[in-house]
Amino acid sequence: LGRLEEAIAHRKTELDHCREVVNGQRGPGSSPMTASLMNAANSAAMLSELLLLVGRLSEAERCAIDAKALAVESGDWGQQMRTCCRLAAVRHMQGRFDEARHLFLEAEALQQRGEPQKPVLYSDIGFLYRRFLLDRPRPADPQRLLQDAQSALDYDKYHRPRSRWLIAIGLDHLSKAAAMAMMARYDHQRREAANALFIEADEVLTNSGSAIYFPEYYLARADFQLRSGFPAAAEEHADKGLEYADDYRLPLCRIDANLVKTRALAAMHNHEKARACLEAAEAEARKLHYDRRDDLIAELRQTLRRTD
């Protein structure tokens, strides 16, 4: 937690300075320079990302809204695209799915106009979009997501300095694995392919030196194992995700880990422990206004009620 809180404090100081520069350039007959607005938008977006990680959703929302407004004022399509995704990510965690989808589609349109040769959202913001779509998939989404994740991987892997882009490459592999896993429930070959993709994602994320996305990796893999009929393995990976979430104080991931554990324990008929995990997840989600999982929590509550 110390490292993330230190990063948040640093970003707040940076954003305050950027705002001072922008406000200093405002005046009768003058407007802020594009570069100053872009710097302020970027700083606000990065602060929003950090605040979202530690579960401070209302603060993350305010920063993302500010970032988007600054990006629009700058006129820079790239900053507008990225800040759309940052606000969409907050809306996703708040359970405001229609708004999130609209913002992601806005970002995708900006990307296609700004870089028509690379029409797919890539890097970490592409991961945010694909994570959203995998949460609420439409029938054709998994195949499309698999293709989009491969396109993003091709760009991130071959057109960026690999040493500086390992996290993005790892997230591309994770997106591919999650999409393949969704398609693999009744297809053994795709199940093997998904497992291989998860292993690749693990290797690249490990080499990146960043542990922030490991909870999401372990929880995606646990969900895959649960859907494949292996609840004990799913619980083991959920426990690993929970360990990372606790170590780095990532409360949204902790909630998700407890929900995966609830499903795994229920599948193994360990209803008492399943209820404890669900109660912990529900209480923390309510406290943080993390509404992304409301439907799942209601479904699990109903399932466990039938076992009373």
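1. Arg 101 sits in helix 5, residues 97-114 (helices are DSSP runs of H or I, at least four residues, numbered from the N terminus). The model is predicted: local features need pLDDT of at least 70, side-chain atom pairs count only at pLDDT 80 or more, and totals for chains, interfaces and linings use all residues. Residues are numbered from 1 along each chain as its sequence is written, and side-chain values use heavy atoms, with hydrogens and water left out.

2. Arg 101 is buried but has no salt bridge. Asp 141, the nearest side chain of opposite charge, is 5.0 Å away. Cut-offs: buried is under 20% relative accessible area, exposed over 50%, partly exposed in between (1.4 Å probe, protein chains only). A salt bridge puts a side-chain nitrogen of Lys or Arg within 4 Å of a carboxyl oxygen of Asp or Glu. For charge, Lys and Arg count as positive, Asp and Glu as negative; His and the chain ends are not counted.

3. The structure has 30 salt bridges. One joins Asp 135 to Arg 293, with the closest N and O atoms 3.3 Å apart. Asp 135 is in helix 6 and Arg 293 in the loop between helix 13 and helix 14, so the pair ties together parts 158 residues apart in sequence. Asp 135 is partly exposed at 25% relative accessibility; Arg 293 is buried at 18%.

4. Arg 254 pairs with Glu 284 in a salt bridge, closest N and O atoms 2.5 Å apart. Arg 254 belongs to helix 12 and Glu 284 to helix 13, so this bridge links parts 30 residues apart in sequence. Glu 284 is buried, at 17% relative accessible area.

Methods:
Helices (H or I, at least four residues) and strands (E, at least two) are DSSP runs, numbered from the N terminus.
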